[in-house]
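Biologist: Please pick a single part of this model and take me through it closely. After that, carry on to the parts that go with it.

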Amino acid sequence: MSIKLEHVNYIYEPDTAFPVHATDDVSLEIHDGEFIALIGHTGSGKSTLIQHLNGLIHPTSGTIYYNGKNIADADFSMKELRSKVGLVFQYPEHQLFEMDVFTDVCFGPKNLGLSEEEIEQRAKDALEMVGLDESYYKQSPFELSGGQKRRVAIAGVLAMKPEVLILDEPTAGLDPKGRDEILDQVAWLHKNSHMTIILVSHSMEDVARYAQRLIVMNKGKVMFDATPVEVFRHYKELETMGLAAPQVTYIAHALKEHGLDINTDVTTVEEAKKEILRLWRQRTC
Amino acid sequence: MNLIKIAKLIFEYAKYGEDGSVVGTSRAIDNVSIDIEKGSFVAVLGHNGSGKSTLAKHLNAILLPTEGTVWIGEDDTKNPDALWDIRQRAGMVFQNPDNQIIANVVEEDVAFGPENIGVPTRDIWRRVDESLKAVGMTAFRKKSPNKLSGGQKQRVAIAGVMAMKPDCIILDEPTAMLDPHGREDVIRTVHELNKQENITVVLITHYMEEVIDADRIIVMDEGKVVMDGTPKEIFSKVDQLKKYRLDVPQVTELAYELKKEGVPLEDGILTIEELVDALCQ
Amino acid sequence: MLRDITIGQYYAVESPIHRLDPRVKLAGTLLYIVSLFVAEGIICYLLAAVFLGLVVRLSKVPLKYMVRGLKSIVFLLLLSVSFNIFLTEGRVIFQVGFLRITVEGLVIAAFMAVRLILLILGSTLMTLTTTPNNLTDGLEKSLGFLNKIHVPVHDMAMMMSIALRFIPILIEETDKIMKAQMARGADFESGNIIKKAKAMVPLLVPLFVSAFRRASDLAMAMEARCYHGGEGRTKMKPLHYNGRDLMVYGILIVYLAVMIGLRIAMPV
């Protein structure tokens, strides 16, 4: 499984006086089993980019290959693509509509034309994956808490059995605990089901903690595409794009400026703690 | 001098069964007493469902106490004759920027409040000018709110409250739906209003980075006030905060972890400078 | 796909027509529609067309932009034209089966089409040159007398202005929900009417839920800003007539008088 984008351009309202270049010559490849974080400030083109990946919008120019097949080909099944590349939009709980949780999760597999048995099995599996047990099945999705609603909505996409799961700011509006719970669940999915994960996020702290690869977008272009450690070395350039590095990276740089021999490639609290303790013990010995 | 006085506040709402009958009550606020000083910047923290939003709605008489009393200045919020006076003095900004802008043009939205309280036309214009300037949105006054970013919309909402010449602004999770840029913008604006116009601010949030500059932090859990102090005092209790489903800024967490390992650091470090200075001594 | 709505959209330029008091424009539109129904014969229609042409010219709205708004009524136009062509009795010039075309039919159909087009263009011009807010203010003020018979004019005007603010937001939201359901394999395009109607449920339920949430949020926000109906309310931009507005009233009356005069002087 892989998704490959070649020179993808997308222009909003090309016929008007103000065409907007939402993605500008984007080329990249997404490999099986990766955990990718996509970052960029609002309007950087990341939402447009992810909608290309499951064919919700078509590039103005350029080509997208799914498993080597051009998705613009006439014989390419869009339905299959949408089931293989699951997209969870921002505030996904706003799309819940059925009378109970279970039926809502069934909506996706039902659209795939599966057997009754298969549909129910998938719904059960999906709800289990997001940590909701049977006691929730018959509840109305509208009466759940914010975090629970969001889980149901994510289960609705997981029930399609996607190979790639794209989440657009899955933690927006949740409190810190709710945020950690959702992200831990996503990390668990990545580890146990070998799904490819693409996480759109504004939080550099979260991104550093979970992702293996970071794609940074600015004004429709891919500016960086590397590991978090490598990308955060460019923290000054990130700032010019309205982004930043995690707070601990700044701490490391500040300590370095004060003459400490610290490795500045730290991106999480854990790493920073180790590095500072190492220095501390050296000094006190 | 206290601007807001909350005494033994209890708020309960009815729970309904499947057939629509009342099956019991749920206590959202449980015996809360708080005094808020004029001109102060108070942050109220708590996870979703801790009662912090319910508390905020009492300060503007949108909700009335089941038991206990809330005073804004001299006025008891339960006094119906004082209702408009209270709402003018304690302005409120809500979470969703789209759902609180009423007019189709920025300046007309800012005028909405003053129009409602019967301010003469000429004064409305002056107030709109001043309020837009105070939040830095003058350049956008003729624009449609739909063309603004989330952070800009929230600043328009704040200007709308400022135009009523309030003593106090209550912001109910104003940044929950914004990106980091918009969040910074809104928080900076609120701090400026607090310092320059001496407006009392009550900021309700669950983003810890937003509260480190507050004068006072109140932490709520299950409808009760569980912590109350300066940022330094609150953030020195990392374990306790985590118990209440809250977070601390990375620098505070790092300092706390280092201290546990024996590095001699003081409690409640809030900024990078503090930590670096302490480590490089 | 949901953005091609020109009728009811404001075209932002500075022009004498834009600057007119909305009440004048409302009255003018009404008067113009009346004049179209008074009109009879080629001279009347010519006068109406020239009059509208002049106003459009003054308004600085490009004609092309206005014509685009006509697209939405093409069907209505064709329908009424074909009714008139085929159902009018008179001198037959062409016949297939029971369908026949008569000279009278053609003439009436042509006048009908011109009348409809002028009518639509005339009323579109009003919305193109008046901001929705201004329009609501104008309506509120000119219908103010209805307050005396307990018609809640202020509340209706407020509702209209809020609806105008939320239409673009809800359109965007519809787009978003549609995409989200499509990502779950929903199909909004294929199938017969019943299947299509059923496919709308996953779109409409979330849309209604969201609209209700927005409505209750908005009501709370309005109350928090001391809104309590129209009583004792002042205005940031109260409406005032000035000389230009009065002059336009004069011109409108002269125009209608000429129209009526022509109709009486030249009976068909």
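Modeller: Domain bounds here come from an automatic or database domain assignment. For chain A that assignment gives domain 1 (2–228) and domain 2 (246–285). The centres of domain 1 of chain A and domain 2 of chain A, taken over C-alpha atoms, are separated by 35 Å. This is a predicted model, in which local features need pLDDT of at least 70, side-chain atom pairs count only at pLDDT 80 or more, and totals for chains, interfaces and linings use all residues. Residues are numbered from 1 along each chain as its sequence is written, while chains are lettered from A and ligands numbered from 1 in the order in which they are written.

The part to look at is the sheet of chain A. Helices (H or I, at least four residues) and strands (E, at least two) are DSSP runs, numbered from the N terminus, and two strands pair if DSSP finds at least two bridges between them. The sheet is open, with six strands in the order β6-β7-β8-β3-β9-β10 (chain A) and mixed pairing. At its edges stand β6 (85–88) and β10 (221–226) of chain A, each with a single partner strand, so one side of each has no neighbour in the sheet. From one strand to the next the twist averages 15°, with axes being lines fitted to C-alpha atoms, for helices over the stretch in contact, and angles running from 0 to 180 degrees between N-to-C directions. Within the sheet, β7 (residues 164–168) and β8 (residues 196–200) of chain A pair in the parallel sense over five bridges. A:Ile166 stands opposite A:Ile198 in β8(A).

C:Phe94 stands opposite C:Ile101 in β2(C). Two residues lie between the strands of this hairpin, where C:Gly97 takes a positive phi near 55°.

Chain C also touches chain A, with 17 residues from chain C and 20 residues from chain A in the contact; two residues are in contact if their C-beta atoms, placed from the backbone, lie within 7 Å. On the chain C side, the elements that give two or more residues are α8 (153–183) and α10 (201–224) of chain C. Of these, α8(C) gives the most, with seven residues.
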